[in-house]
Amino acid sequence: MLQRTFSIVKPDAVRNGHTASILAEIEKAGFKIVSIKRMSLTEEQAQGFYAVHAARPFFGALTQFMASGAIFPMVLEKENAIADLRKLMGATNPANAEEGTIRKKFAESIEANAIHGSDAEDTAAFEIGYFFAGYELK
Ligand code: ATP
Ligand code: MG
């Protein structure tokens, strides 16, 4: 089933000049980039995006980090997109990420880990709607 997921090239990867390399990995893996833009988040916008993590001890640091520089939010499409992107990203902590994954290649730390990917259909729908209007998703 053709499926859409949501991803972000995070501020560490943009600062380190890895945006194009990460997009190349995503395209090589067979994803269509349906929509993409460059922007920065306010801390408030980052808190809204990561609201599911509001109770976690790292929430403040995480949302400050996500507001620390430019990001590239994007919508991706492919068969089995949600699970396949998570596989391509690798483990949250790059120290545990498999060889060949985006986080193994480009992440700095468990917090500054280069890329976000939705973890389920309901979170993908919320996250796409948080960043993109319907007319940007043709
Ligand atoms: P993402 O949601 O960004 O795709 P994930 O699903 O692999 O990552 P989550 O558990 O959803 O991981 O955590 C969201 C983000 O919070 C992580 O990507 C990371 O940037 C940060 N994070 C997670 N665990 C920690 C931690 N123990 N310390 C600091 N930051 C963390
Ligand atoms: Mg997550």
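**View 1. Lining of the largest pocket in the predicted model.** The lining of the largest pocket consists of 10 nonpolar, 7 polar and 7 charged residues (nonpolar: Ala, Val, Leu, Ile, Met, Phe, Trp, Tyr, Cys and Pro; charged: Asp, Glu, Lys and Arg; polar: the others, Gly among them). The space in this pocket is about 550 Å³. A pocket is an open set of points on a 1 Å grid over the protein atoms alone, where a 1.4 Å probe fits, with protein on both sides within 12 Å along at least five of seven lines; lining residues have an atom within 4 Å of a point. Grid points are joined across faces, edges and corners, and the volume is the space filled by probe spheres set on them. Tyr50, His53, Phe58, Leu62 and Thr92 are the closest to the pocket centre among the 24 lining residues. Helix 5 (81–89), strand 4 (115–117) and helix 7 (121–131) each give two or more residues to the lining. Helices (H or I, at least four residues) and strands (E, at least two) are DSSP runs numbered from the N terminus.

This is a predicted model, in which local features need pLDDT of at least 70 and side-chain atom pairs count only at pLDDT 80 or more, while totals for chains, interfaces and linings use all residues. Residues are numbered from 1 along each chain as its sequence is written, chains are lettered from A and ligands numbered from 1 in the order in which they are written, and side-chain values use heavy atoms, with hydrogens and water left out.

**View 2. The largest nonpolar core.** Within this core of 20 residues, Val9, Ile22, Ile26, Phe31 and Ile102 touch the most other members. A nonpolar core is a set of buried Ala, Val, Leu, Ile, Met, Phe, Trp, Tyr and Cys residues joined through side-chain atoms within 4.5 Å; buried means under 20% relative accessible area, exposed over 50%, and partly exposed in between (1.4 Å probe, protein chains only). Two or more residues come from each of helix 1 (11–15), helix 2 (19–28), strand 3 (72–79), helix 5 and helix 6 (102–106). Helix 5 provides the largest share, 4 residues. A second, separate core has 18 residues, including Ile8, Ala46, Phe65 and Ile71.

**View 3. The buried side of helix 5.** Ala81, Ile82, Leu85, Leu88 and Met89 are buried in helix 5. They lie on the same side of the helix because they cover an arc of only 130 degrees around the axis, taken from the directions from the helix axis to the C-beta atoms. The buried residues pack against strand 1 (2–9), helix 2, strand 3, helix 6, strand 4 and helix 7. Gly90, with a positive phi near 90 degrees, follows helix 5.

**View 4. Lys78 and its contacts.** Lys78 is in strand 3. With 15% relative accessibility, Lys78 counts as buried. Leaving aside residues up to four places away in sequence, Lys78 touches Met1, Leu2, Gln3, Ala29, Gly30, Phe31 and Asp84 (contact: heavy atoms within 4.5 Å).

**View 5. Two loop residues with positive phi.** Asn80, in the loop between strand 3 and helix 5, has a positive phi of about 55 degrees although it is not a glycine. Asn80 is partly exposed, at 41% relative accessibility. Ala114 lies in the loop between helix 6 and strand 4, and its phi is positive, near 75 degrees. At 0% relative accessibility, Ala114 is buried.
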